[in-house]
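Trainee: Could we go through this structure together, a few questions at a time?
Mentor: Happy to, let's have a look.

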Amino acid sequence: MSTAESPKTEAKVTLEEAKTALFEILDKKTPNTWEQVEVVQKACMRLPTLSTLLTGEKRCQLYEKLLYDEHTKILDLPDNLAEYATKASETHESVAKQLSPLMGPSVEGVSEAELKGFVCYLGTEKGFRFGEKQVGIFFALAAQFHDVPKGDAKANLKRLLNLSVALREEYLISSTLYEKATLSLLRLLLQYHDPALSEALDHQKIEVGRYLLDWSSSLFAKKDDHEAAVHVLDWILILLERNMVPYAALAFLMSNRQAVMGFRTEEETTEYLQTLSFKFSYRKESALNAGLVDGRRIAPLPIWSGKSLMQNADLLVRNTPLSAQNVLECCLWPDTAQLSKSPEALAHHYSLTPCLPIERSDFATSFSTKDATRSAALDYVVIDSRARVSYEHANLPGSIFVGDVAGYDQERLEQLVSRVEEKAKGSHVCVLGTGRAIDEEKNLLKLIAMQLVRKHLPYVGLLYVGFKGLIPMIKQKMIVANLQHPEDMAEETAPLFTNAALDAALDTISSNLPTSEEVRQRAEEVRQKAEELGSLAKERAEAARSWGLGVFSQLQEKISEVRSQGLFTPSTEEAKGTSAASTEPSLIGRIVRPSIAAAFSMGGEADPAEGDDDFDLITSVPKPMKSALPAEETAKKEAQKPQAAPAAAPKPAVHADPTADPNAKKVDEEFEKLFM
Amino acid sequence: MSSNPTPAKKQLLKIIILGDSGVGKTSLMHQFVSKKFDSRYKATIGADFLTKELTVGDQVVSLQIWDTAGQERFQSLGSAFYRGADACVLVYDVTVQESFAHVGSWMEEFSIQAGRRDSVLIGNKTDLEDRRQVPTRTAQMWCDKQNAEGDKNDKTEMKYFETSARENTGVEEAFMAVAAAALARKASQPAPVPPPSTVNLNQNQPGNAGGSNNTNSGCSC
């Protein structure tokens, strides 16, 4: 059924009718085709209180519809189940002991040894880990069988086996390969969406990434309180989006922000977070996220059900840069795709950044020359901290020029932050510099980003490759830019002054000019040379010369000193690069790009002379999940996303009553459009 | 090179405060700069700085004081700001032996990033005398040892101070001492020698082998 078909009819569908319709669908023995799954999803979406309506049997049926597809091979129980009992570990025994009371009559007649063997088989042969984090969700599944009709106990065990295996394969996080990076990234994501909450937790030395990861890994189930978990799991499975799991954790934490921010000590906060229950109850006093009415177009809604949690999670996903989404998914499920950085390098990368790093690929979509691509992507307001002449030469649409002269002057920095706050609060802002590998500039950009975050501006990111990294995309007309002389960026019209030569000029300037006098001398040389090469080249040289000139002028003494100490040697990161790179004579070390081919293509062979530092982390397109949409369906849904994007909503608002809130309805409608 | 200071010019000195989490680095900075003390503990994220102008001898100095995070997870972010520092202030808590034990590694990390610099060691929280774990003599001996072991050609000095940020005792003296040391060092250093104008960083690159920056390689600027 299409969304336009019969809205009035749908509105008239009562809760009871919707419930009956869903249960009828669940009772049907139809093959799990994608169309069938869609029918189930739509039926579920009509029931906001679905979780409270489902019996154990119906929930099992629902999960089976959502977790299995046409190609799922249903596993049989081994005949020699009791024999596995002899191999059972203490953990298996402990789990088996709790299994019988949880499953109740549904496993009547199954011996203790068989139950022990079942758990052992699931653990040893099917890779289900019964550790602290994942045993809760297993118990939550098992508990659903308590009220299934009595019958074949072995058949019930078989159903539990298959559900557990499918859940493990598709949703459970078991890899710890990128754990350190994940912890940092989750913290950065919280900071991106809720800087005030993130700051409060940081001030209390709470490693928030650990909580978010633990909640995600356990699928919100606790060993001793697994009942609430299914209320979240229902909606995670209905959405068929495992990558929503960490965002659900973020959304849940943010829904508790007022309580968390009210604590004064680390001990209080830790106790609260450790004992936090995932039960949802609508409370007026916790509904108003006043702190999140901060300029963002749509603030998260109060959470009163698994569905509203996932709505908020969806809102967070839509407002997260795609590169960060992909990296997080790869970190949690490393089989999804390959990252171009090792776990250690990735962790180091995140440990150095004061805010979420924005990748070039994010700009490739947000500033795409193709309207359709651009409208589906996040709108970035670029905080351009290059020199004015560079900015005037070329800049990105909608950017805010702040220049490169703020330096370490508190007053100027405060003015800068106020300007950004006034013009762009609530928008996705991205701090951008020249992209040169100069520590002073990098530190200045970090400082600017930190100041914005400290002002609690949401959605603050930093593009480390800087404008330099965007030039190839501008040249190839992949992204839009305001150009003073558009012909400058035409690839074929620069026979005298190539980009490589421009880069060489920049290298010479940046590494050879420790004093302002030197800067001026070298600039004069640049100018003279440019005159020889023609007026076009001259303009470019002028622009090139100015890149970061303010930084040089202000920090001349520092640079000279750093140079005198020989500190322009490659950083640890760089030193790990190829020997060819490490022997490069430049004083300013270049970040060595891993040799793995990046999926994000600049559309041609990168010119090594351009120093084309590509920090993009994703090197391959994530593999679809087993139960994910077929390609054509994905394309169809992707095409629907722009209409549902939160950016389209007109004004910020948070209301106490989710049912009366027009924005809530809007979000609700947008959310549901995804499935219509 | 002349070591005579130029009197009129205001000197900018970058000072880094280092030490374990919770030893009172932020409190010391705020007490020195703003004469304020907040007993509520808030861990520093990354790094932050405050500026204070003061006069050392007849020299006006703008002291840029960088407060860095003591938490391990923010150390990488904070240490990026060590570069270009003129001196450092190492802080430990006199009531926490472990924080004193870590002072050496903080100094080492600082030296890696910023080079050897004059520094002061501060034993903070002397208002909690009844809970003291690190005797004054122990800390003083550690400083003496550092001073004795220093590079003879590049002598740096470490002075020891005990402070209470809460009661504002010893704070001014410690910061004035580090400012004076940094200033003296800066004045005694030769002016930076500009690199020869003929340096050609692209000499290994094909098409620019001439060594000068006016070859016909398209643009050598």
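Predicted model: local features only at pLDDT ≥ 70, side-chain atom pairs only at ≥ 80, totals over all residues.

Mentor: Residues are numbered from 1 along each chain as its sequence is written, chains are lettered from A and ligands numbered from 1 in the order written, and side-chain values use heavy atoms, with hydrogens and water left out.

Trainee: How many residues does the largest nonpolar core have?
Mentor: A nonpolar core is a set of buried Ala, Val, Leu, Ile, Met, Phe, Trp, Tyr and Cys residues joined through side-chain atoms within 4.5 Å. Buried means under 20% relative accessible area, exposed over 50%, and partly exposed in between, using a 1.4 Å probe and protein chains only. Among the residues with the most contacts inside the largest core are A:Phe118, A:Trp215 and A:Leu470, and its size is 147 residues.

Trainee: Which helix gives the largest share of this core?
Mentor: Helices are DSSP runs (H or I, at least four residues), as strands are (E, at least two), numbered from the N terminus. The largest share of the core is 10 residues, and it comes from helix 14 (residues 227–239) of chain A.

Trainee: Where does UniProt place the "domain: Rab-GAP TBC" feature?
Mentor: UniProt positions are given in the numbering used here, feature names are shortened, and annotations may be inferred rather than shown by experiment. The unreviewed entry places the feature at residues 169–259 of chain A.

Trainee: Which residues of helix 5 of chain A meet helix 2 of chain A?
Mentor: Contact means heavy atoms within 4.5 Å. From helix 2 of chain A come A:Phe23, A:Ile25, A:Leu26 and A:Asp27; their partners in helix 5 of chain A are A:Lys58, A:Gln61, A:Leu62 and A:Lys65.

Trainee: Is A:Pro78 buried or exposed?
Mentor: A:Pro78 sits in the loop between helix 5 and helix 6 (81–85) of chain A. Beyond its neighbours within four places in sequence, A:Pro78 contacts A:Tyr84 and A:Tyr121. With a relative accessible area of 17%, A:Pro78 is buried.

Trainee: And what is the relative accessible area of A:Gln325?
Mentor: A:Gln325 belongs to helix 20 (residues 322–332) of chain A. Setting aside neighbours within four places in sequence, A:Gln325 touches A:Tyr247, A:Val317 and A:Thr320. A:Gln325 is buried, and its relative accessible area is 13%.
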